[in-house]
Structures are given as C-alpha cells and as structure tokens.
Amino acid sequence: MKNRFASSSTAFALVAFVTLGSVLLTATRAKKHVISAGGHARIYPSPSRARAALRCNDAKTAPHTSSSPRRRFISALGGATTLFAANLAPSSHAISGGGKGYSGYTIEGEDFSGKQLVGEEFRGTMAKRVNFRGANLANAQFQKADLRYVDFTGADLSGAALEQCTLEGAIFKDTVLEGAYLGEPILQAETIEGSDFTDAVIASSFTQKELCKIAKGTNPTTGVSTRESLGC
C-alpha cells in the first residue's frame, strides 16, 4: 500500500523517457550527412547526394551516416528501459532500521482474525484495535508496538515478543502465551482469563504476582489453568 504512489510515479517516468527516446531517434534519422573534400566540410541532404559528391571529387573519405550512433542510442535506451522496469517491481515491506513485515506501519482497525502470521514482525507498528482473534502469531515480534484495545482472543502467541508494548485494554482471553516474552505493560490488559503463560518470560516477580491477582479460567486449547501456568 505504501508503494502504490511510488510505483505510479516510476511508471510515468518510464513512459516519458521512452517518448523522449522516440523523438530523439526520429531526429537522428533526419540528420544531414557530412563529407570532407579538399580540407573543406560540406553538408548534403541525403546519403545518395553525399556518395555522388564523393565520386565526382574522387574523395577517399566515406560519408558519415547516423546508423552507428543510432544503434548506440537504441542500445542505451534499451538498457535504461530495463532499469526502469526493474524499479517497477514491488518491493518488500522493509522499513528504516531494517525492519520487515508490518514493522513501522499503521494497521489500526484491520482484521487479521484466523491468519497465519508465524514469525511476523510488528515492531513499532500502530495496531490499535486490530482483530487478531484465532490468529497464529507464534514467535511474532511486537516490540514497542501500539497494541491498545487489540483482540488476541484464542490467538497463539507462543514465543512472541511483547516487550515495551502499549497494551492498554488489550484482550488476552483464551490466548496461548507459552514461552512468550512479556513486560510490565501486560498488567494494562483488559483480561487474561483462560490464557496459558507456561514458560513465559515475565519482566519481574512484581508483574507475575499482579497477574496472579486477576488470573482465572482454563485455556481451551492446552487445558492448562491460567493460575497454574503463572505459578500462582
């Protein structure tokens, strides 16, 4: 979506370049021919007139035609066209800082429910109110993402990195968080009911104790109770 306008601009530049090339090519065809006789240069309107003048003057020099420059021009034009075409190919989602996937993008309110997003990157993503219900987000990267009011109900976040995120109002109901990396912002979540935190790396003992105060339910996927998974 970010590359839509960039691709249109590049396509316009290619059309303009090819049009200019056509004009210049036509101009070379109309170029007059020059020969030198007796140390003086003379201009003739056509190759045939130039050849006739050479025969008359017994000149040893051949007429200078535009065929060779034209071939060189066509070759250069073809190379430039190839370069422009290559630039039209869709680029990856790479962003400044080397991130990929959805890193750095704004995807607020979008629906990713049920999607396969294993290992996907959402570093620094503006993802407010995104629907991730039932999505497979195992090993996904959410560092410094805005995840306010995101719905992770029934999602698989095994091994996911959720450090330094904004999680105000986020829903972690029946979510699998086995081996996930969690910071203190998890305490801002609206609910963690039925979530499985087995082997999750939690920022501090304080965070773990605070989670135990609100922990309840059993994860329907793993069959593990939330309190048990937190070691409450």
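**View 1. The left-handed disulfide of Cys212 and Cys232.** In this predicted model, the link between Cys212 and Cys232 is left-handed, with -90 degrees about the S-S bond. The two sulfur atoms lie 1.9 Å apart (S to S), where a disulfide is defined as a pair of cysteine sulfur atoms within 2.5 Å, and a search of the whole structure finds one such link. Because Cys212 belongs to helix α4 (residues 205-214) and Cys232 to the segment after α5 (226-230), the pair ties together parts that are 20 residues apart in sequence. Cys212 counts as buried at 12% relative accessibility, whereas Cys232, at 42%, counts as partly exposed; buried means under 20% relative accessible area, exposed over 50%, and partly exposed in between, with a 1.4 Å probe and protein chains only. Cys165 is also shown, a buried residue with a relative accessible area of 4%.

The model is predicted, so that local features need pLDDT of at least 70 and side-chain atom pairs count only at pLDDT 80 or more, while totals for chains, interfaces and linings use all residues. Residues are numbered from 1 along each chain as its sequence is written, and side-chain values use heavy atoms, with hydrogens and water left out.

**View 2. The open sheet β3-β4-β5.** Three strands form an open sheet in the order β3-β4-β5, with parallel pairing. Its edge strands, β3 (161-162) and β5 (201-202), each pair on one side only. Strand β4 (residues 181-182) runs parallel to β5 and is joined to β5 by two bridges, and pairing requires that DSSP finds at least two bridges between two strands. In this part of the sheet, Leu182 stands opposite Ile202 in β5. In general, the strands of a sheet pair through backbone hydrogen bonds, either parallel or antiparallel.

**View 3. Aromatic pairs around Phe122.** The structure holds ten aromatic pairs, counted for rings of Phe, Tyr and Trp (its six-membered ring) whose centres lie within 6.5 Å, with planes under 30 degrees apart taken as stacked, over 60 as edge-to-face and the rest as tilted. The rings of Phe112 and Phe122 have centres 6.4 Å apart and planes at 90 degrees, so this pair is edge-to-face. Both residues lie in the loop between α3 (67-88) and β3, and the pair therefore ties together parts that are ten residues apart in sequence. Phe112 is buried with a relative accessible area of 6%, and Phe122 is buried with 0%. Phe122 also forms an edge-to-face pair with Phe132, at 5.6 Å centre to centre and 80 degrees between the planes; Phe132, like Phe122, is buried. Ring pairs link Tyr102, Phe112, Phe122, Phe132, Phe142, Phe152 and Phe172 into a cluster.

**View 4. Arg129 over the ring of Tyr149.** The charged end of Arg129 sits over the ring of Tyr149, 4.5 Å from the ring centre. The criterion asks that NZ of Lys or CZ of Arg be within 6 Å of the ring centre and within 35 degrees of the ring normal.

**View 5. The whole chain as context for the close-ups.** The protein has five helices and five strands, which follow the pattern α-β-β-α-α-β-β-β-α-α along the sequence; helices (H or I, at least four residues) and strands (E, at least two) are DSSP runs, numbered from the N terminus. Of its 232 residues, 34% count as buried.
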